[in-house]
Amino acid sequence: MKKMFTALLLILILVVAGCSSNDGGSGSTEKSTLKNIKDNKKLVIGIAPGYFPFEMKSIDGGFVGYDIDLANAVGEALNTEVEFKQFVFDGLGPALQIGEVDMVIAGMTIRGDRALSISMSNPYYKTGQAIMVPAANKGIKSWEELDVKGNKIAVGIGTTGALLAKSQFKNAEVVDFEDFPLAATTMGSGQADAVVYDEPAIAVWRLEHEGEVHQLEGLLSAENLGIAVKKNDFETIQWLNSFLHSYVDSPEELASRSRWFEESDWLDKVSGE
């Protein structure tokens, strides 16, 4: 009887060990992003400049903005160098998946469909989608008035604004552009009737082009922005959430928010790309 009990116990141990080694990959031997950063002594951040005032090119060739401040704060907390790599917004997810960057800090909205391929931190900023039209059309009060055949709605490819516009507008044509500045410039040249994009970026564009554009009242949607890492990197996500809990509303973050969202003296120091 004792031998039988011992044999059953051994089988149970082997079964439990087998289950532990096949836990779906979340506990795999693949290094976490935090360990990679420590080994490489460098944090590589993917960005998509042109998203005012989150990430922009300065006239001296560097990168500036609210997201850049956040990325540098992450690097400082990890006590490591920060390198920025520039992509079009649609290329950020693939760059993260193949390990070309460690994190993406690019005004990326937290969405369920994105979470199927990458993992995202808790929110660090809340924003929403707005509509901008030429000043000559400031009599337009709602997106429904723009949704007529023959109208073109310009959006940034792969953005939440693009997905939202394509789900809302049934009659107007929604046209993808490489980034927001190109979409806005196209509207300014008369080749599009409106732009759908994040409210802070539209607010800055309105400041830069005073009297040329008009922002419709209200938002199409409210959204939360998060930091993206490779899928199921739970160690890094847990660290980022703890970091954001201490960073958001700290004196450092409040100063960054004031500098980029409440002041405008930086407008002549960025390149507009």
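Colleague: How many of the residues of α3 are buried?
Modeller: In this predicted model, 9 of the 12 residues of α3 are buried, and the helix is thus mostly covered.

Colleague: Which ones are they?
Modeller: The buried residues of α3 are Y66, D67, I68, D69, L70, A71, A73, V74 and G75.

Colleague: How far apart are the end C-alpha atoms of α3, and what span should the helix have?
Modeller: Helix α3 covers residues 66–77, and its end C-alpha atoms are 17 Å apart.

Colleague: What follows the helix?
Modeller: α3 is followed by N79, which has a positive phi, near 55°.

Colleague: Let us turn to packing. At what angle do α3 and α9 cross?
Modeller: The axes of α3 and α9 (residues 234–247) cross at roughly 115° and come within 11 Å. Angles of 65 to 115 degrees count as roughly perpendicular, and α3 and α9 are therefore described in that way. Their crossing is right-handed.

Colleague: Which residues make that contact?
Modeller: From α3, the contact is made by D69, L70, A73, V74 and A77; from α9, W239, F243, L244 and Y247 take part.

Colleague: What is the make-up of the contact of α3 with α9 by class?
Modeller: The contact has 8 nonpolar residues, no polar ones and 1 charged residue. Of the residues named from α3, D69, L70, A73 and V74 are also buried.

Colleague: Now α2 and α9: at what angle do they pack, and how far apart are their axes?
Modeller: Helix α2 (residues 33–40) packs with α9 at an angle of about 85°, and their axes are 7 Å apart. That angle makes α2 roughly perpendicular to α9.

Colleague: Which residues are involved there?
Modeller: T33, L34 and K35 of α2 meet E235, T236 and W239 of α9. By class, this contact of α2 with α9 has 2 nonpolar, 2 polar and 2 charged residues. W239 of α9 takes part in the contact with α2 and also in the one with α3.

Colleague: What is L163 in contact with, leaving aside its neighbours within four places in sequence?
Modeller: With those neighbours left aside, L163 is in contact with R111 and D113.

Colleague: And how far is L163 from V174?
Modeller: Their C-alpha atoms are separated by 9.7 Å, and the two residues are 11 residues apart along the chain.

Note on methods: Residues are numbered from 1 along each chain as its sequence is written. This is a predicted model: local features need pLDDT of at least 70, side-chain atom pairs count only at pLDDT 80 or more; totals for chains, interfaces and linings use all residues. Side-chain values use heavy atoms; hydrogens and water are left out. Helices (H or I, at least four residues) and strands (E, at least two) are DSSP runs, numbered from the N terminus. The expected span of a helix is 1.5 Å times one less than its number of residues. Buried means under 20% relative accessible area, exposed over 50%, partly exposed in between (1.4 Å probe, protein chains only). Contact means heavy atoms within 4.5 Å. Axes are lines fitted to C-alpha atoms, for helices over the stretch in contact, and angles run from 0 to 180 degrees between N-to-C directions. Angles under 35 degrees count as roughly parallel, over 145 as roughly antiparallel, 65 to 115 as roughly perpendicular and the rest as oblique. A crossing is left-handed if the near helix is turned anticlockwise from the far one by less than a right angle, and right-handed if clockwise. Ala, Val, Leu, Ile, Met, Phe, Trp, Tyr, Cys and Pro count as nonpolar, Asp, Glu, Lys and Arg as charged, and the others, Gly among them, as polar.
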